[in-house]
Amino acid sequence: WKIHYFKEINSTMDMAREMAKKGCPEFTVVVAGQQNAGRGRLKRVWISSQGGLWFTIVLRPRIVPGLGFRINFCASLTLVRTLRRMFGVNAMVKWPNDILADEKKIVGILSEMETEGDEISFINIGIGINVNNDPTSEEPNASSLKNILNREISREELLLEFLNEFEHQMNHGDFDNLISEWKKYAITLNRHVKVVTTHDVSEGLATDVDEEGALILRLEDGSIKRVIYGDCFHQH
Ligand code: BTN
């Protein structure tokens, strides 16, 4: 890993993209102390004040069908395990790839892929972890490790542990069992959910996540719907 730290930038996604386009090696990591224009999924703003861990990893995998979504699931699964092991928190994954603890969001993941013809030029995985910051005033459904554990956490240690584990997963991990492993920590399954996309809203019971990472819903009328992206709200 080659880690580049910036005290304050707009977004590690933008910086990593620039570096990737200039040909930086795979496993380059861009970390920011603070982001002034942090980006979330579905064009949302991601509030990234001091104290959080905001980073983007540049990967350059050879093309394999479906690899893009697998890397996301691999990242959330690895991070859930790392958080559980290091801090004993009851971390769970929420489809598609948020991480919650005590039903509050503590991690968001955003990835961007660039292809050149049939080749992947890069896949950048951006991860935002609420560590020692307190997002609750802007995001009532979010929390941070510090809020949950009542102590400050070393962001360096967390980052290095995660990167180690992630590298191991990418090199030796069992991608065939990735989704079934991921489902062990899935908070979304067997719950009544509402999934909102840019063009529709689906409501139903989340019955499964298939091998392509899509969420399978059983709608009110008994029909089955496969949802490939969107914002998932858990009904209580
Ligand atoms: C989401 O849940 O909407 C995804 C949030 C991803 C946030 C991270 S923080 C590091 C990287 N830089 C960004 O601007 N966004 C991602």
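In the predicted model, the accessible surface of the protein amounts to about 11600 Å². Carbon and sulfur atoms contribute 48% of that area.

The secondary structure of the protein consists of five helices and 12 strands. The radius of gyration of the protein is 17 Å, whereas the globule rule gives 18 Å for 236 residues; the two values are close, so the protein is as compact as a globular protein of that length. Along the principal axes, the C-alpha atoms occupy a box of roughly 50 × 50 × 35 Å. Among contacts in the protein with a separation of 6 or more, 63% are between residues 24 or more positions apart.

The domain assignment divides the protein into domain 1, covering residues 2-184, and domain 2, covering residues 192-234. A distance of 24 Å lies between the C-alpha centres of domain 1 and domain 2. The two domains are in contact with each other: 13 residues of domain 1 and 16 residues of domain 2 take part, contact being defined as heavy atoms within 4.5 Å.

Notes
Residues numbered from 1 in each chain as written. Predicted model: local features only at pLDDT ≥ 70, side-chain atom pairs only at ≥ 80, totals over all residues. Heavy atoms only, no water. Helix = DSSP H or I, 4+ residues; strand = E, 2+ residues; numbered from the N terminus. Rg over C-alpha atoms; globule rule 2.2 N^0.38 Å. Areas by Shrake-Rupley, 256 points an atom, 1.4 Å probe, with all protein chains shown as cover. Domains from an automatic or database assignment.
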